[in-house]
Amino acid sequence: MISFQTPSSSPIRQSTHLLLGTSLGHKPSEHEEVLYFAAGCFWGVEKAFWNAPGVVATATGYMGGDVASPSYELVCTRTTGHAETVRVVFDSTRTSAAELIALFFEIHDPTQADGQGNDIGPQYRSAIWTTTPDQYDVAVRARDAYQNEVSAHGFGSITTSIEDASAAGPFWQAEDYHQQYLIKVPNGYECHARTGIPCPIIV
């Protein structure tokens, strides 16, 4: 039976988001929810979500693996099972899980398995980890709806895995230099393949 619990996270180092001003480990308050997204290099993924209306906090990290406190270097060995992941906290009175999930599908190519563009490896896989039953339902229905859209344009099967976050193990916050990397390095590397196809927003 799925429990839909938010996983524990690693101790916070950099304490404050450079743009949003919230704690990187921001605990959801009333009307706030958490989603975890893996869509390739987490630098560009985080940027897409910190710019999304209604998002109150983001942080980069590692999730879905079986090694405690992994470093970036260790994750890159492809031996830990982790994916580069962004933790997103959002205000459900200003946006919805459906809108953020649609954005997720649009900012990468979910039909590319274990990679995005030239970034190849399981750490760059496509995944959504949800924290409520409603989020899970929306994510599955959005994936199915988007499959219809991309198939009509000649793309293959969507590879995105969707799971309750409690099944993925802890979210381990990434090193400080990975947090809001594209604020610190405005012209930094941002690699994502995209289909160019809008994703339906599920209601």
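This is a predicted model: local features need pLDDT of at least 70, side-chain atom pairs count only at pLDDT 80 or more; totals for chains, interfaces and linings use all residues.
Trainee: What is the strand order in the open sheet?

Mentor: The order of its six strands is 7-6-1-3-2-8, and the pairing is mixed.

Trainee: Which strands stand at the edges?

Mentor: Those are strand 7 (161-164) and strand 8 (172-173). Each has a single partner strand, so one side of each lacks a neighbour in the sheet.

Trainee: How many bridges join strand 1 to strand 3?

Mentor: Six, and the two strands run antiparallel. Within strand 3, V86 is the bridge partner of F37.

Trainee: Where do nonpolar side chains tend to be in soluble globular proteins?

Mentor: They tend to be buried together. Here the largest nonpolar core has 39 residues; F37, F49, L100, I101, F105 and I128 touch the most other members. Elements giving two or more residues to this core include strand 1, helix 1 (42-50) and helix 4 (133-152). Helix 3 provides the largest share, seven residues.

Trainee: What does I128 touch, leaving out residues up to four places away in sequence?

Mentor: Among its contacts are L35, F37, I101, F105 and A139. Another core, of 15 residues, lies apart from the largest one and includes A38, A57, A59 and W129.

Trainee: Which residues make the nonpolar surface patch?

Mentor: L18, L19 and I183 make it, and its area is about 250 Å². L18 lies in the segment before strand 1 (32-39).

Trainee: Why is L18 called partly exposed?

Mentor: Because its relative accessible area is 47%, and partly exposed covers values between the 20% limit for buried and the 50% limit for exposed.

Definitions and conventions. Residues are numbered from 1 along each chain as its sequence is written. Side-chain values use heavy atoms; hydrogens and water are left out. Patches are made of residues with over 30% relative accessible area and no salt bridge: like charges are joined within 9 Å, nonpolar side chains (Val, Leu, Ile, Met, Phe, Trp, Tyr) within 5 Å. Accessible areas come from the Shrake-Rupley method with a 1.4 Å probe; for residues, only the protein chains shown count as cover. A salt bridge is a side-chain nitrogen of Lys or Arg within 4 Å of a carboxyl oxygen of Asp or Glu. Helices (H or I, at least four residues) and strands (E, at least two) are DSSP runs, numbered from the N terminus. Buried means under 20% relative accessible area, exposed over 50%, partly exposed in between (1.4 Å probe, protein chains only). A nonpolar core is a set of buried Ala, Val, Leu, Ile, Met, Phe, Trp, Tyr and Cys residues joined through side-chain atoms within 4.5 Å. Contact means heavy atoms within 4.5 Å. Two strands pair if DSSP finds at least two bridges between them.
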